[in-house]
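Q: How should I read the ligand and metal sites in a model like this one? Please take me through it step by step.

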Amino acid sequence: RFRTIHHQSGSDPVQNPPTSQGLSTRRELYERDFPVYKQPVEVGCFSLDSGRRFFNDSRQMRYYVEPDRNPNFDLRDGYTDRFTKRDDSVKEKLDHILRWIVVNRSKLNSRSTTTSSCGLDVDFVTWRGHLTKLLTTPYETREGWSLAVTRFRDTLYISEVETEAARRERENRTERHEEMMYWGYKFEQYICADSLHSSPDPGGVVNTNEAFCTVVQTRLSDHRLLFSGEVDCRDKDSSASAPPASYVELKTSAEICTPKQRSNFHRFKLLKWWAQSFLPGVPRIVAGFRDHEGTVVSVETFHVSKISHLIKNEYNCWKPTVCMNFCSDFLSFVKCVAVEDNPSVVYLFCWEPRRDVTYTIHRDSHYSFLPHWFVQEMTN
Ligand code: 0WD
Ligand code: CA
């Protein structure tokens, strides 16, 4: 089929390279053997406190307390009188991860001891959430993305740029949507204890500034990855397994009442849940199913390694191998495109559903995201 150059109406054609310079997201192209994905290893962690301050430790770690199977948790409780919401108009970019790298550099580079280089020994540094978006791209039909990439000392840093559509959505959320975003955090509060020997405190304040993040290292094909992701809680039994195998991801979802709802849950929601937890090697997802009034009516555990079997009966369903191969090919594409090693140069990769991934190059622009303190620190 003849393929035309895609122009967004009203935009500058110079910003849209022909598709031959892009990367296709068609599923059929990625249906091959599952690529190498090494068991992710936790190399560190950090915490963000109620004021969004960084700590190079696990002080915000929480512990999983198994709930009743039919708990009747009221997720609306505390909205809005016991709720402190993170300001999501503040764009933190990679700052917390970069801070972690500066403090923990010695743990990372083995190469520097044998050569004069003091590079990081990884090909990519990013948030887990950005990789989740890449994994789900071949199946995404609604939301596009923009990812800024900078090559610095032979490591490629990937940081998301909010799309215009995402900004409009964030600025025009309905009151109902705002409240439903709270429900997920409230569910966490019913299930998580602050310490090994305490119980969850549903009477406390929900503060979404607080976070515990794991930093993991792994390899996808020939791409060495270092990324961080927020972890909801861990198993209390420390003898059971070391992180990330002890981590538990918490989710809420609408109660499933019809076969159509079940099919949609398998085809769309389980894809996102699988991708997010598979990446850092989190083995368990505990899901609370809630009714329209925000009451959790049932709780179910999903084992991440079993999700791909669970969905195999769905017609035209997603495949983990397509997700991983697309991500691997995208990272190869980035390595080929982003060749200039310069902390102020940004290669901006953009994607919209039913289009190819394209890129533009920006020098000393508002897209530059590596802070001076990081560049300075890493140059010493
Ligand atoms: O664009 C982003 N996603 C950015 C994320 C830009 C700058 C910073 N962050 C960081 C924050 O420091 C946060 O602590 O996001 C961290 C979480 O990163 P992640 O694990 O890579 O993100 P993701 O996997 O998308 O989300 C994990 C959880 C979410 O839980 P659910 O169950 O809904 O997936 O992190 C929360 C949310 O609770 N979350 C965020 N927290 C702070 N800032 C953000 C965000 N932008 N997005 C999701
Ligand atoms: Ca969660």
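This is a predicted model: local features need pLDDT of at least 70, side-chain atom pairs count only at pLDDT 80 or more; totals for chains, interfaces and linings use all residues.

Q: Which residue places a backbone N or O atom 2.7 Å from an oxygen atom of ligand 1?
A: Gly-129 does. Tyr-185 uses its side chain instead: an N or O atom there is 3.2 Å from a ligand 1 oxygen. The protein covers 76% of the 750 Å² of accessible area that ligand 1 has on its own.

Q: How many residues are around ligand 1, and which come nearest?
A: Look at the whole shell. There are 21 residues, and Arg-86, Arg-128, Gly-129, Glu-230 and Lys-251 come nearest. By class, nine are charged, six polar and six nonpolar.

Q: Now the metal. What coordinates the calcium ion (ligand 2)?
A: List the donor atoms, then their distances. Asp-232 gives OD, Glu-249 gives OE and Leu-250 gives O, at 2.3 to 2.5 Å. Water is not among the atoms, so the site may look incomplete.

Q: What spacing do these donors follow along the chain?
A: Read the pattern as D-x16-E-L.

Q: Are Glu-249 and Leu-250 buried or exposed?
A: Both are buried. That label means under 20% relative accessible area.

Technical notes
Residues are numbered from 1 along each chain as its sequence is written. Chains are lettered from A and ligands numbered from 1 in the order in which they are written. Side-chain values use heavy atoms; hydrogens and water are left out. Donors are N, O and S atoms within 2.8 Å of the metal (3.2 Å for Na, K and Ca); water is not among the atoms, so sites may look incomplete. Buried means under 20% relative accessible area, exposed over 50%, partly exposed in between (1.4 Å probe, protein chains only). A residue is near a molecule or strand if one of its heavy atoms lies within 4 Å of it. A polar contact is a pair of N or O atoms within 3.5 Å; within protein, one must be able to donate a hydrogen and the other to accept it, and residues adjacent in sequence count only if both atoms are side-chain atoms. Accessible areas come from the Shrake-Rupley method with a 1.4 Å probe; for residues, only the protein chains shown count as cover. Ala, Val, Leu, Ile, Met, Phe, Trp, Tyr, Cys and Pro count as nonpolar, Asp, Glu, Lys and Arg as charged, and the others, Gly among them, as polar.
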